[in-house]
Amino acid sequence: MWNTARGGKGGRTEVSTALKGARWALWKNPPGLSDKQKATLASIQQTNRPLYRAYLLKEQFRQVIAVKGADGRLLLKAWLRWAGRSKLAPFVKLAKTIRRHLPAIHNMLDSGLSNARIEANNVHLRVLTRQAYGYHSAQALITMANLRRGGLCPPLPGRS
């Protein structure tokens with residue numbers, strides 16, 4: 001964030017100076033924070049309340065996903081109330097979206113299953129498709145997909 005209104009491109013705003021180095025503290029899991037990152041979070045708590053509230057909402061949502069089951073449902077219910085009242089537009093919008101998909105999210109919390117493996121498989125297949133532009137036929141792509149993602153492991157000559 002550059003302050004172009006006061007002094008052109010060279011001057012930083014007070015906000016950007018106060019948040020310098022805060023990205024890693026805001027992204028990391030709380031148990032993995034260094035002392036410096038904890039101090040940065042404490043500074044954000046004092047100087048930028050909306051950002052600190054967003055950090056707390058993010059961490060509480062991580063906890064909802066980690067807990068699962070009936071306790072996860074209760075945490076999610078409380079989180080949705082908190083996010084809806086937070087006056088932070090992205091979290092209010094997220095809470096509305098989650099409410100629309102609540103039955104599916106409850107199923108995920110109850111079963112402990114997610115679509116992460118499917119998404120990872122889709123990404124790998126997209127990479128293979130990008131690599132396959134040089135192949136002569138679609139059969140080569142299908143074969144590569146079977147080898148890489150299908151679990152096929154043919155014996156290679158000269159290897160045991």
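Contact, as the word is used here, means heavy atoms within 4.5 Å. On that basis, residues 24 or more positions apart account for 39% of the contacts in the chain with a separation of 6 or more. The model is a predicted one. Its chain contains nine helices and zero strands, and buried residues make up 21% of its 160 residues.

**Overall architecture**

- Along the sequence, the pattern of the chain reads α-α-α-α-α-α-α-α-α.

**Nonpolar cores**

- The largest nonpolar core has 13 residues, of which Leu57, Leu76, Trp79, Leu80, Ala83 and Phe91 touch the most other members.
- At least two residues of this core come from each of helix H4 (49–67), helix H5 (69–85), helix H6 (89–100) and helix H7 (102–111).
- H5 provides the largest share of this core, namely four residues.
- Another core, of eight residues, lies apart from the largest one and includes Ala25, Leu26, Leu33 and Tyr52.
- As general background, nonpolar side chains in soluble globular proteins tend to be buried together.
- Leu76 is in contact with Phe61, Val64, Ile98, Leu102, Ile105, His106 and Leu109, when neighbours within four places in sequence are left aside.

**Helix H5: dimensions and faces**

- The 17 residues of H5 reach 25 Å from the first C-alpha to the last, close to the 24 Å expected at 1.5 Å a residue.
- The buried residues in H5 are Gly72, Leu76, Trp79, Leu80 and Ala83.
- Viewed down the axis of H5, the buried residues fall within an arc of 105 degrees, so they line one face of the helix.
- On the face of H5 turned away from the buried side are the exposed residues Ala70, Asp71, Leu74, Lys77 and Arg85.
- The packing partners of the buried residues of H5 are H4, H6 and H7.

**Packing of H5 against H7**

- The axes of H5 and H7 are 8 Å apart, and the two helices pack at an angle of about 140 degrees.
- This crossing of H5 and H7 is right-handed.
- From H5, the residues Gly69, Gly72, Arg73, Leu76 and Leu80 meet Leu102, Ile105, His106, Leu109 and Asp110 of H7.

**Loops on either side of H5**

- Lys68 is placed in the loop between H4 and H5.
- The phi of Lys68 is near 65 degrees, which is a positive value in a residue other than glycine.
- With a relative accessibility of 26%, Lys68 counts as partly exposed.
- Lys87 is found in the loop between H5 and H6, and this residue follows H5 with a positive phi near 65 degrees.
- Lys87 is likewise a residue other than glycine with a positive phi.
- Lys87 counts as exposed, because its relative accessibility is 77% and the exposed class begins over 50%.

**Thr40 in helix H3**

- Thr40 belongs to helix H3 (residues 35–47).
- The relative accessible area of Thr40 is 17%, so this residue is buried, the cut-off being under 20%.
- Not counting residues up to four places away in sequence, Thr40 touches Ala22 and Ala25.
- Ala25 is also among the residues of the eight-residue core.

**Helix H9 and its surroundings**

- Helix H9 (residues 138–149) has 12 residues, which should span 16 Å at 1.5 Å a residue; the end C-alpha atoms are 16 Å apart, in agreement with that expectation.
- After H9 comes Gly151, whose phi is positive, near 85 degrees.
- Ile142 is located in helix H9.
- Ile142 is partly exposed, with a relative accessible area of 43%.
- The C-alpha atoms of Ile142 and Thr129 are 9.4 Å apart in space, and the two residues are 13 residues apart in sequence.

How values were computed:
Residues are numbered from 1 along each chain as its sequence is written. This is a predicted model: local features need pLDDT of at least 70, side-chain atom pairs count only at pLDDT 80 or more; totals for chains, interfaces and linings use all residues. Side-chain values use heavy atoms; hydrogens and water are left out. A nonpolar core is a set of buried Ala, Val, Leu, Ile, Met, Phe, Trp, Tyr and Cys residues joined through side-chain atoms within 4.5 Å. Buried means under 20% relative accessible area, exposed over 50%, partly exposed in between (1.4 Å probe, protein chains only). The expected span of a helix is 1.5 Å times one less than its number of residues. The arc is that of the directions from the helix axis to the C-beta atoms. Axes are lines fitted to C-alpha atoms, for helices over the stretch in contact, and angles run from 0 to 180 degrees between N-to-C directions. A crossing is left-handed if the near helix is turned anticlockwise from the far one by less than a right angle, and right-handed if clockwise.
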